Amino acid sequence: MSWRSLLITKPARLRIDRASLAISQELEVRVPLEDIAVIVLDHVEITLTHPVLSACAEYGIVLPNYH
(Lines give C-alpha, C1' and ligand atoms only; values in the text may rest on other atoms or scores of the structure.)
Protein backbone atom coordinates (compact mmCIF):
# COMPACT_ATOMS: atom_id res chain seq x y z
CA MET A 1 0.00 0.00 0.00
CA SER A 2 1.42 3.38 -1.01
CA TRP A 3 1.36 6.12 1.60
CA ARG A 4 4.29 8.47 1.03
CA SER A 5 4.05 11.85 -0.67
CA LEU A 6 7.37 13.21 -1.90
CA LEU A 7 7.90 16.95 -2.42
CA ILE A 8 11.12 17.85 -4.24
CA THR A 9 11.88 21.58 -4.20
CA LYS A 10 15.63 21.66 -4.97
CA PRO A 11 17.67 20.54 -8.00
CA ALA A 12 17.79 16.75 -8.05
CA ARG A 13 18.35 13.67 -10.19
CA LEU A 14 15.79 10.86 -9.93
CA ARG A 15 16.53 7.32 -11.07
CA ILE A 16 15.46 3.76 -10.31
CA ASP A 17 17.74 1.54 -8.23
CA ARG A 18 16.62 -1.94 -7.13
CA ALA A 19 12.84 -1.27 -6.97
CA SER A 20 13.47 2.05 -5.22
CA LEU A 21 13.44 5.68 -6.29
CA ALA A 22 16.95 7.11 -5.81
CA ILE A 23 16.93 10.87 -5.26
CA SER A 24 20.35 12.49 -5.63
CA GLN A 25 20.86 15.96 -4.20
CA GLU A 26 23.58 16.79 -1.65
CA LEU A 27 23.04 13.21 -0.43
CA GLU A 28 21.33 10.27 -2.08
CA VAL A 29 18.12 8.91 -0.57
CA ARG A 30 16.25 5.77 -1.67
CA VAL A 31 12.51 5.25 -1.19
CA PRO A 32 10.82 1.94 -2.07
CA LEU A 33 8.54 2.43 -5.08
CA GLU A 34 5.75 0.45 -3.43
CA ASP A 35 5.58 3.08 -0.63
CA ILE A 36 5.13 6.12 -2.91
CA ALA A 37 1.66 7.52 -3.69
CA VAL A 38 2.62 10.89 -5.23
CA ILE A 39 5.76 12.77 -6.26
CA VAL A 40 5.51 16.56 -6.54
CA LEU A 41 8.33 18.10 -8.58
CA ASP A 42 8.56 21.82 -7.76
CA HIS A 43 11.82 22.97 -9.36
CA VAL A 44 12.90 23.40 -12.97
CA GLU A 45 16.28 21.69 -12.43
CA ILE A 46 14.98 18.21 -11.66
CA THR A 47 16.08 15.43 -13.99
CA LEU A 48 14.35 12.08 -14.14
CA THR A 49 15.07 9.07 -16.27
CA HIS A 50 12.68 7.20 -18.53
CA PRO A 51 12.62 4.20 -16.15
CA VAL A 52 11.32 6.57 -13.43
CA LEU A 53 8.35 7.49 -15.62
CA SER A 54 7.73 3.82 -16.46
CA ALA A 55 7.91 2.83 -12.78
CA CYS A 56 5.45 5.58 -11.85
CA ALA A 57 2.98 4.18 -14.37
CA GLU A 58 3.57 0.60 -13.21
CA TYR A 59 3.17 1.39 -9.50
CA GLY A 60 0.34 3.92 -9.94
CA ILE A 61 2.43 6.84 -8.66
CA VAL A 62 0.93 10.24 -9.45
CA LEU A 63 3.16 13.00 -10.91
CA PRO A 64 0.97 16.14 -10.88
CA ASN A 65 1.77 19.00 -13.25
CA TYR A 66 1.46 22.45 -11.66
CA HIS A 67 3.29 24.56 -14.25
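This report describes the sheet, the helix, the nonpolar core and one loop of a predicted model.

## Basis

The model is predicted: local features need pLDDT of at least 70, side-chain atom pairs count only at pLDDT 80 or more, and totals for chains, interfaces and linings use all residues. Residues are numbered from 1 along each chain as its sequence is written, and side-chain values use heavy atoms, with hydrogens and water left out.

## Sheet

Four strands make up an open sheet of mixed pairing, in the order E4-E3-E2-E6. Strands here are DSSP runs of type E with at least two residues, helices are runs of H or I with at least four, and both are numbered from the N terminus. Two strands pair if DSSP finds at least two bridges between them. Strand E4 (28-32) and strand E6 (46-48) are the edges, each pairing on one side only. From one strand to the next, the twist averages 20 degrees.

E2 and E6 are paired in the parallel sense, over three bridges. Within this part of the sheet, Leu 14 has Leu 48 in E6 as its bridge partner.

## Helix H1

Helix H1 (residues 50-59) lies across E2, E3 and E6 and runs at about 60 degrees to E2. Axes are lines fitted to C-alpha atoms, for helices over the stretch in contact, and angles run from 0 to 180 degrees between N-to-C directions. Contact means heavy atoms within 4.5 Å.

The buried residues of H1 are Val 52, Ala 55 and Cys 56. Seen down the helix axis, they fall within an arc of 105 degrees, so they line one face of H1; the arc is that of the directions from the helix axis to the C-beta atoms. An α-helix has 3.6 residues a turn, so residues three or four places apart point the same way. Buried means under 20% relative accessible area, exposed means over 50%, and partly exposed lies in between (1.4 Å probe, protein chains only). The cover over the buried residues includes E2, E3, E5 and E6. On the face of H1 turned away from its buried side are the exposed residues His 50, Ala 57 and Glu 58. Just after the helix, Gly 60 has a positive phi of about 75 degrees.

## Nonpolar core

The largest nonpolar core has 15 residues, and those touching the most other members are Leu 6, Ile 8, Leu 14, Leu 21, Ile 23, Ile 36 and Ile 39. Such a core is a set of buried Ala, Val, Leu, Ile, Met, Phe, Trp, Tyr and Cys residues joined through side-chain atoms within 4.5 Å. At least two residues of this core come from each of strand E1 (4-8), E2, E3, strand E5 (36-41) and H1. H1 gives the largest share, three residues.

Not counting residues up to four places away in sequence, Ile 39 touches Leu 6, Ile 8, Leu 21, Cys 56, Ile 61, Val 62, Leu 63 and Pro 64. Cys 56, in helix H1, is buried at a relative accessible area of 4%. With the same exclusion of residues up to four places away, Cys 56 touches Ile 39, Ile 61 and Leu 63. Cys 56 and Glu 34 are 22 residues apart in sequence, and their C-alpha atoms are 9.9 Å apart.

## The loop between E2 and E3

Asp 17 is found in the loop between E2 and E3 and is buried, with a relative accessible area of 16%. Its side chain makes a polar contact of 2.6 Å with the side chain of Arg 30. A polar contact is a pair of N or O atoms within 3.5 Å; within protein, one must be able to donate a hydrogen and the other to accept it, and residues adjacent in sequence count only if both atoms are side-chain atoms. Asp 17 touches Ala 22 and Arg 30, residues up to four places away in sequence not being counted.

Arg 18 sits in the loop between strand E2 (12-16) and strand E3 (20-24), and Ala 19 is in the loop between E2 and E3. Most residues other than glycine have a negative phi. Phi of Arg 18, however, is positive, near 50 degrees, and that of Ala 19 is positive, near 60 degrees. Arg 18 is exposed at a relative accessible area of 77%, while Ala 19 is partly exposed at 45%.

Ser 20 belongs to strand E3 and is buried at 12% relative accessible area. Leaving aside neighbours within four places in sequence, Ser 20 is in contact with Arg 15, Arg 30, Val 31, Pro 32 and Leu 33.
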